[in-house]
Structure formats: structure tokens, C-alpha cells
Amino acid sequence: MDDSTKKTLSSIPLLKTKAGPRDKDLWPQRLKEEYQALIQYVKNNKDADQDWFRLESNSDGTRWFGKCWYFYNQMKYEFDIEFDIPVTFPVTAPEIALPELDGKTAKMYRGGKICLSDHFKPLWAKNVPKFGIAHAMALGLGPWLAVEVPDLIGKGLIQYKEKSEGEKS
């Protein structure tokens with residue numbers, strides 16, 4: 001792990017509660033810790049001018065969705081992101097999906113789920129229950145985007161989409 005990744009990781013709060021969606025008594029506490037870690041990670045990213053995703057969840061915190069983006073050659077490539085919290089969470093990491101990229105790279109499973117098995121999943125397993133959604137974003141999706149998006153652009157599999165005036169934020 002490089003120094004930049006270690007610095008990012010050390011700035012994300014570790015979680016304490018080992019509970020998943022089926023743990024009716026402890027899940028609300030785990031969900032609160034997840035939100036606190038995500039809020040801190042997003043704040044850190046904004047402070048470092050490295051903001052790259054937005055997430056929200058359904059009311060019980062079992063389905064997450066939003067947008068992520070990657071800048072390449074001064075152009076912003078934006079993707080929908082979605083994932084469900086597995087019933088065996090936090091022992092099992094969420095499977096993050098970028099549906100519109102489904103089938104465009106070998107490092108992806110059906111439904112646009114990104115491949116994290118070689119590098120991220122062993123790290124997650126060693127850090128149960130301390131890792132959560134913010135860690136999955138920082139150590140899973142972020143590095144995946146950094147490798148795959150430039151490759152997909154280079155192969156002509158994704159193109160830059162100009163935003164219309166009504167879409168600009």
C-alpha cells in the first residue's frame with residue numbers, strides 16, 4: 001500500500017459494531033457509524049479537492065445508490081453507482097456496481113459489479129468489522145476507476161458526454 005493510500009485510510013474512522021441488516025438491534029448503530037465514516041471521508045476529499053462520489057441509501061440502509069466520477073484529460077466521466085448491503089455484512093463486503101459499464105471490461109461481473117477479489121477482499125476480510133462503505137469506496141472503487149476508466153477510454157469503449165445546460169451542477 002502506497003503512502004497516499006495509507007494517509008487516506010488513516011483519515012477514515014474505523015467502525016466498531018459488527019452488525020448487518022438482519023441484526024435488528026445493532027444494525028441502527030452500525031448504520032450510524034457507516035454514515036459518520038462516509039461523511040468524514042467525503043469531507044476529507046472535499047478539503048483535498050478530490051471529491052469523486054455521492055451516495056445515499058434507502059431508509060433502512062440496505063440499498064445504496066448515487067454517482068461517481070473520474071477526471072481524465074480534463075474531462076469528467078460520470079457513472080451511476082449502486083450496491084446492496086449483503087445479509088452477511090460486515091463479514092462480506094458490498095459488491096459495488098456501475099451498471100452502464102457492464103460488459104465493457106474483464107474486471108467486472110454480470111450487472112456491472114466491479115471485480116475486487118484479488119486485492120480488496122483479502123484486506124476487507126482482515127479488517128472485519130472495522131472497514132465499512134467508506135473503506136470500500138477508498139480502497140475498492142477509487143483504485144478500480146483509476147485503472148479501468150483510462151483503459152476503457154483508450155479502447156474507445158466509453159466516450160465523454162457533454163452535459164446539457166440543464167444538467168450542469
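Guide: A residue is called buried when its relative accessible area is under 20%, and exposed when that area is over 50%. Please keep in mind that this is a predicted model.

Visitor: Is E148 buried or exposed, then?

Guide: E148 is buried, because its relative accessibility is 3%.

Visitor: Where is E148, and in which helix?

Guide: E148 belongs to helix 4, which covers residues 133–154.

Visitor: What does E148 touch, leaving out residues up to four places away in sequence?

Guide: With those left out, E148 touches T105 and K107.

Visitor: How many cavities of 30 Å³ or more does the structure hold?

Guide: The structure holds one. The largest cavity has a volume of about 40 Å³.

Visitor: Which residues line the largest cavity?

Guide: The lining consists of P94, E95, I96, Y109, I114, L116 and K121. By class, five are nonpolar, none is polar and two are charged.

Visitor: Now the strands. In what sense do strand 1 and strand 2 pair?

Guide: Strand 1 (residues 53–57) and strand 2 (residues 63–72) pair in the antiparallel sense, over five bridges. Within strand 2, F65 is the bridge partner of E56, and K67 stands opposite R54.

Visitor: What about K67 on the side of strand 3?

Guide: In strand 3, K67 has D80 as its bridge partner. Strand 2 and strand 3 (residues 75–84) also pair in the antiparallel sense, here over 10 bridges.

Visitor: How many residues lie between the strands in each hairpin?

Guide: The hairpin of strand 1 and strand 2 has five residues between the strands, and G61 there takes a positive phi near 70 degrees. The hairpin of strand 2 and strand 3 has two residues between the strands.

Visitor: Which residue in the hairpin of strand 2 and strand 3 takes a positive phi?

Guide: That residue is N73, with a phi near 50 degrees. N73 is not a glycine. For background, most residues other than glycine have a negative phi.

Visitor: Is N73 buried or exposed?

Guide: N73 counts as exposed, because its relative accessibility is 60%.

Visitor: What is the phi of D49?

Guide: D49 has a positive phi of about 55 degrees, although D49 is not a glycine. D49 is in the loop between helix 2 and strand 1. With a relative accessible area of 72%, D49 is exposed.

Visitor: Let us move to peptide bonds. Which residues does a cis bond with omega of about 5 degrees join?

Guide: That cis peptide bond joins F89 and P90. P90 is found in the loop between strand 3 and strand 4 (108–109).

Visitor: And what is the peptide bond from V128 to P129, cis or trans?

Guide: The bond from V128 to P129 is cis, with omega near 0 degrees. P129 is placed in the loop between helix 3 and helix 4. In general, most peptide bonds are trans.

Visitor: One last topic. How many disulfides does the count come to?

Guide: The count comes to zero disulfides.

Visitor: How accessible are C68 and C115?

Guide: C68 is buried, with a relative accessible area of 0%. C115 counts as partly exposed, because its relative accessibility is 23%.

Terms used: Residues are numbered from 1 along each chain as its sequence is written. This is a predicted model: local features need pLDDT of at least 70, side-chain atom pairs count only at pLDDT 80 or more; totals for chains, interfaces and linings use all residues. Side-chain values use heavy atoms; hydrogens and water are left out. Two strands pair if DSSP finds at least two bridges between them. Helices (H or I, at least four residues) and strands (E, at least two) are DSSP runs, numbered from the N terminus. A disulfide is a pair of cysteine sulfur atoms within 2.5 Å. Buried means under 20% relative accessible area, exposed over 50%, partly exposed in between (1.4 Å probe, protein chains only). Contact means heavy atoms within 4.5 Å. On a 1 Å grid over the protein atoms alone, a cavity is a set of points where a 1.4 Å probe fits but cannot get out, and a pocket is an open set with protein on both sides within 12 Å along at least five of seven lines; lining residues have an atom within 4 Å of a point. Grid points are joined across faces, edges and corners, and a volume is the space filled by probe spheres set on the points. Ala, Val, Leu, Ile, Met, Phe, Trp, Tyr, Cys and Pro count as nonpolar, Asp, Glu, Lys and Arg as charged, and the others, Gly among them, as polar.
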